[in-house]
Amino acid sequence: MLNIVLFGPPGAGKGTQAEFLINAFGLIHLSTGDLLRSEIAAGTKLGLEAKAFMDKGELVPDAVVIGMIKSKLEANKDAKGFIFDGFPRTVDQAKALDELLNANGTPISGMLSLEVEKQELIDRLLSRGISSGRADDQDQSIIENRINVYNEKTSPLIEYYKKQGKHFGINGMGTIDEIAERLKAVVEKL
Ligand code: B4P
């Protein structure tokens with residue numbers, strides 16, 4: 001089973017490249033950002049709670065996202081593998097994911113970490129904000145907060161996966177196709 005964590009700061013290209021990897025390797029895409037946005041669109045209690053954090057560029061509480069991932073794993077027991085996109089984002093989320101996967105004997109195969117310069121992240125997100133209407137992509141100070149939250153709470157996961165020998169840094173600058181080729185070359189060797 002191929003279980004990939006697709007990692008990087010906001011705007012690094014996780015969602016974009018996940019689309020390519022699910023097609024290339026027949027994996028199931030689990031994006032906590034997409035799952036949360038569909039809860040918001042459906043107007044659920046969970047969605048309303050999550051929206052307050054997301055609109056400010058803050059992380060949604062661990063228990064909420066871990067619960068969502070757990071139920072998706074249980075609902076897809078026959079999968080060939082998963083792409084975790086935007087999850088884990090804290091060390092506690094990473095530990096919970098390891099526990100869930102190790103209990104099934106299907107650990108993480110590798111963490112692919114997209115590396116992109118800060119100004120490029122800001123430019124990509126502001127440009128998506130114009131076309132998508134996403135509240136968290138429209139304001140530069142919210143985008144900068146998301147990047148700060150990433151640096152403080154999420155980037156320690158690089159060390160977490162390095163210690164397990166599972167971290168692969170990938171240059172995330174360039175065209176979408178160029179980056180997809182770089183990712184494919186690493187995944188083929190996992
Ligand atoms: P996410 O939905 O995960 O959003 P993201 O990190 O901002 O976007 P992503 O990284 O997928 O976008 P991409 O670069 O592909 O999270 C949103 C919010 O949800 C978080 O702030 C948080 O509040 C909450 N949340 C989600 N998961 C959570 C968790 N586990 N725990 C707690 N809270 C959680 O794309 C960005 C743009 O760049 C696109 O417009 C794309 O077209 C463009 N782009 C991509 N690659 C490009 C390239 N090579 N060149 C030029 N443009 C490119």
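Colleague: What should I know before I read any values here?

Modeller: The model is predicted, so local features need pLDDT of at least 70 and side-chain atom pairs count only at pLDDT 80 or more, while totals for chains, interfaces and linings use all residues. Residues are numbered from 1 along each chain as its sequence is written, and side-chain values use heavy atoms, with hydrogens and water left out.

Colleague: How do helix 4 and helix 5 cross, and at what angle?

Modeller: Helices (H or I, at least four residues) and strands (E, at least two) are DSSP runs numbered from the N terminus, and axes are lines fitted to C-alpha atoms, for helices over the stretch in contact, with angles from 0 to 180 degrees between N-to-C directions. Angles under 35 degrees count as roughly parallel, over 145 as roughly antiparallel, 65 to 115 as roughly perpendicular and the rest as oblique. In this structure the axes of helix 4 (residues 62-75) and helix 5 (residues 91-103) come within 10 Å and cross at roughly 20°, which makes helix 4 roughly parallel to helix 5.

Colleague: Which residues of helix 4 and helix 5 meet?

Modeller: Contact means heavy atoms within 4.5 Å, and by that rule D62, V65, I66, I69, K70 and L73 in helix 4 meet D92, Q93, A96, L97, L100 and L101 in helix 5. The residues of this contact divide into 8 nonpolar, 1 polar and 3 charged, where Ala, Val, Leu, Ile, Met, Phe, Trp, Tyr, Cys and Pro count as nonpolar, Asp, Glu, Lys and Arg as charged, and the others, Gly among them, as polar.

Colleague: At what angle do helix 2 and helix 3 pack?

Modeller: Helix 2 (residues 32-42) and helix 3 (residues 45-54) pack at about 120°, with their axes 7 Å apart, and they are therefore oblique to each other. Their contact is made by G33, L36, R37, E39 and I40 of helix 2 and by L46, G47, A50, K51 and M54 of helix 3, and its residues divide into 5 nonpolar, 2 polar and 3 charged.

Colleague: How does helix 2 lie against helix 4?

Modeller: The axes of helix 2 and helix 4 come within 11 Å and cross at roughly 100°, which makes helix 2 roughly perpendicular to helix 4. Here T32, L35 and L36 in helix 2 meet V64, V65, M68, I69 and K72 in helix 4, and by class this contact has 6 nonpolar, 1 polar and 1 charged residues.

Colleague: How many aromatic pairs are there?

Modeller: Rings of Phe, Tyr and Trp (its six-membered ring) pair if their centres lie within 6.5 Å, and planes under 30 degrees apart count as stacked, over 60 as edge-to-face and the rest as tilted. By this rule the count comes to 3 aromatic pairs. One of them is the tilted pair of F7 and Y150, at 5.8 Å centre to centre with 50° between the planes; this pair links distant parts of the chain, with F7 in strand 1 (residues 2-7) and Y150 in helix 7 (residues 140-154), 143 residues apart. F7 and Y150 are both buried, a term that means under 20% relative accessible area, with exposed over 50% and partly exposed in between (1.4 Å probe, protein chains only). F82 and F84 form another tilted pair, 5.9 Å centre to centre with 35° between the planes.

Colleague: Why do F82 and F84 count as buried?

Modeller: F82 counts as buried because its relative accessibility is 3%, and F84 because its value is 0%.

Colleague: Is E117 buried or exposed?

Modeller: E117 counts as exposed, because its relative accessibility is 53%, and its place is in the loop between strand 4 (110-115) and helix 6 (118-132). The C-alpha atoms of E117 and L73 are separated by 33 Å, and these residues lie 44 residues apart along the chain.
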